[in-house]
Amino acid sequence: MNDKEIKEQLRKKASNDPDRYYATSVLKEEGFKRESCQKCGRFFWRVTDSKVCGDPACSGGFRFIDESPAKEKLDYVETWKKFSLFFKKLGYTPIKRYPTAARWRDDTDFVQASIYDFQPYVVSGEVEPPANPLVVPQFCLRFNDIDNVGITGAHYTGFVMIGQHAFVPKDKFDQPKYFGDIHAWLSKGLGLPNEEITYHEDAWAGGGNSGPCMEYFSRGLELGNQVYMLYGASGNGYKELPLKVLDMGMGQERNAWFTGQKATSYETTFPTVVKKLNELTGIKVDKNLLQRFLPYSSYLNIDEADDIDKNWDFVSKKAKVSSNELKKQILPLAALYSVAEHSRSLLLAISDGMLPSNVSGGYNLRVILRRALGFIDEYGWKIDLAKLCEEHAKYLKPQYPELAENLREVAEILEAEKRKYNESKTRAKQIVSKLMEQGKITDDSMIELYDSQGINPKQIAEEAAKEGKKVAVPENFYAKIAERHEQKLQKSATRRDEQLDLEDVPATAALYYDDYKKTKFEATAVKIIDNKVVLDETYFFPTSGGQINDTGKINGQKVADVFRAGKHIVHVLEGRPKFKVGDNVRGEIDFDRRRQLSQHHTVTHVFNQLMRQHLGKHAWQAGTAKFLDKARLDMTHYASLTTEQLKKLEEDANKIIKKDLKVESKFVPRTEAEQKYGFGIYQGPVVPGKELRLVEIKGFDTEACGGTHVHSTAEIEAVKIIKSSKVQDGVVRIEYSAGNAMKAISSGSEKITEELAELLQCKPEQIPARAEELFEKWKNKVKKGKEADARLSSSGSYSGDVIKKAAEIFRTQPEHLVKTAKRFLEELNA
């Protein structure tokens, strides 16, 4: 069953027994009566008699604009401030928001609801929450409503979900209190009389959890939704959770709009930005038309409209103006609001370390950025998005003071993205012309053009119009784009999926965390499958987290591979073991290999921290790989690294190495680790469990990591960056070697340098024959290096990459050989 099916099944179950699943005692005490909506059939609660529920589609649209029934008039920032103080008096602890980038989860790129902060570990009961109960002003990002932003007056890609949460055992779950608290907010915090409140019975499912919920409306506007998370949701349905969870989500934007008595929620959410945009664009709003339009703007929700043109006709009749005239007046205003809204979402996401790109969640950021730039171009506005971000940060400072710290970096990234956008425009004409020659441009081809070339649909329509042809742009174009890019980014994860029958075998105790120098140990064999051995405990490191495995011997037999299988560590011998289950065995690890991999892993942490310091908070680990001859680190960044940047990185890394900083590891409860060190500890694959192993380079860097590390940075010895490349849009890579591997590269490079120099000293007629000799020599070294399967040549004296390049140089055609060899010699000397 999917979430939608689970929700519907649970909704019916709860509605058949409302006294069990809802706080009906509080409702009855307050004078509310249960009714069934004659339009949608939903059960709802009201004090006054009504035949329809509070949904705008059933009750007649928004009816609070310019005449809100709320006695309290709150601006946007005041809404959270008053809410937090109100709930603090009720026993809740206000906490700071979590980052919008959900790096503690492996199932999503962004936080989409306040409960995401606490899934999966707090909700499952594995981890203690930061406070209990609590309230949080969580900024969320969702991209399924992009096409509705600006039009309906209420849709956003980025919004603040004020969360009210509690995590308690079943016998302590006080649903009447939780519901009474939110009713108190509506009646006392906002000053709403009961006659102006409608409660809807419903159910919710998402993020692996589900439960009944109670939505609350006033005059057509949903103000929030209180979920009672009682079940874990899965493909087979739902099962009761050991921990009961309160999950109330309330839109800060909607509450401010409801009390602020403005035409749209955008005017109450970012008033200073909207004022600035009105000044910059000179847009004149027909307030009378807007007043007639907005109560029905919800009918233009593209996700719910079967025929959007028909709905425009309906709304235009209600507004007493033609459909074309309504669009002429409303669409420029919707574009202005979209620019305001998208710039705020970008500010929060980029400040939290996300980067617009063409992969994963970064793609959605690029979509809204280019949508905003498209509107600016379409209407010829002189708008600087970076300046808008400054205005947003200034207004939000009382609530999110951290935003002001990252404005320079945000401006740099927006400028880089604008350059890429402008480049896409120059390509549009030629590409569209070619497509028009081939035939009709379809929705799929428009999406592909946007995906591969960054050409937006309006550019396509404009170029087609110049050739006298019409292209219809789908109303939900950006929603389709967002759906296409729901995938995660982890480019260099190292893992092995192999199914073994280990159900009754106890978990392997991993002993390699504390001391990388520990190479000899005794253990008991608990499972043998062919040549695969599971011990009760081991010091052998399994391939994981970008680091390849240890090798060595068990009872004198060679260990060729080590990998994880769930909670077990499996040792693969070169032959069948000469011992049996239950035997005590002796393990010995190849220390030279272990030391080299540990050096490369620790120096990866050094580079990771340095790149964040040098490039900015948006620089985040996108993948790593640690081998014997070298390691590599992929980081999110919007431009290729320059020679000067690489030189500075290498210099600073060697300075850290020379400082001889201690490297220590410890296990810390997850919540404690997040509160003390922040979410920067999550670099790379998501680390599961209620405790995190933190690797700390004293006074320099702390990360959650399960690999092997040296005891101090001095043990890395030295590091050299081999090369840098841009592996994909928004991701750069550096490759480097440390310790003996670095010495091997230097040794190999010196030997090649000598032979290249010798070759260039030969007489012209001797060069081809001597080059052929050298080619055969270096070709054999490449072959030996591959056979060693250790990414080093058999002698251990040469870098595989350098050897391969040398062989290619020596086999170059005679007329090009000298020039190519000279260029390669210059590179080696550099």
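The side chains of Lys-580 and Asp-583 join in a salt bridge, 3.4 Å from N to O; the term stands for a side-chain nitrogen of Lys or Arg within 4 Å of a carboxyl oxygen of Asp or Glu. By this rule the count comes to 36 salt bridges. Please keep in mind that this is a predicted model, where local features need pLDDT of at least 70, side-chain atom pairs count only at pLDDT 80 or more, and totals for chains, interfaces and linings use all residues. Residues are numbered from 1 along each chain as its sequence is written, and side-chain values use heavy atoms, with hydrogens and water left out.

**Salt bridges**

- Lys-580 counts as exposed at 55% relative accessibility, while Asp-583 counts as partly exposed at 22%. Here buried means under 20% relative accessible area, exposed over 50%, and partly exposed in between, with a 1.4 Å probe and protein chains only.
- Glu-240 pairs with Lys-244 in a salt bridge whose closest N and O atoms are 2.9 Å apart. Glu-240 is partly exposed, with a relative accessible area of 45%, whereas Lys-244 is buried at 3%.
- A salt bridge also joins Glu-664 to Lys-698, with the closest N and O atoms 3.5 Å apart. This pair links distant parts of the chain, 34 residues apart: Glu-664 lies in strand E20 (residues 663–669), and Lys-698 in the loop between strand E21 (691–697) and strand E22 (701–704). Helices (H or I, at least four residues) and strands (E, at least two) are DSSP runs, numbered from the N terminus.
- Glu-664 counts as partly exposed at 36% relative accessibility, and Lys-698 is partly exposed with a relative accessible area of 35%.
- Arg-366, Glu-417, Lys-420 and Asp-729 are linked in a network of salt bridges.

**Helix H13 and its partners**

- Helix H12 (residues 308–319) and helix H13 (residues 323–351) have axes that come within 9 Å and cross at roughly 90°, which makes H12 roughly perpendicular to H13. Axes are lines fitted to C-alpha atoms, for helices over the stretch in contact, and angles run from 0 to 180 degrees between N-to-C directions. Angles under 35 degrees count as roughly parallel, over 145 as roughly antiparallel, 65 to 115 as roughly perpendicular and the rest as oblique.
- On the H12 side, Asp-309, Trp-312, Asp-313, Val-315, Ser-316 and Ala-319 meet Ser-323, Leu-326, Lys-327, Ile-330 and Leu-331 of H13. Contact means heavy atoms within 4.5 Å.
- Helix H10 (residues 271–281) and H13 have axes that come within 10 Å and cross at roughly 130°, so H10 is oblique to H13.
- From H10, Val-273, Val-274, Leu-277, Asn-278 and Thr-281 make the contact with Leu-336, Tyr-337 and Ala-340 of H13.

**Phe-258 and its surroundings**

- Phe-258 sits in helix H8 (residues 252–260) and is buried, with a relative accessible area of 0%.
- Leaving out residues up to four places away in sequence, Phe-258 touches Phe-64, Ser-68, Pro-69, Ala-70, Leu-192, Ser-218, Leu-221 and Leu-223.
- Phe-258 and Leu-221 are 37 residues apart in sequence and 7.8 Å apart in space, C-alpha to C-alpha.
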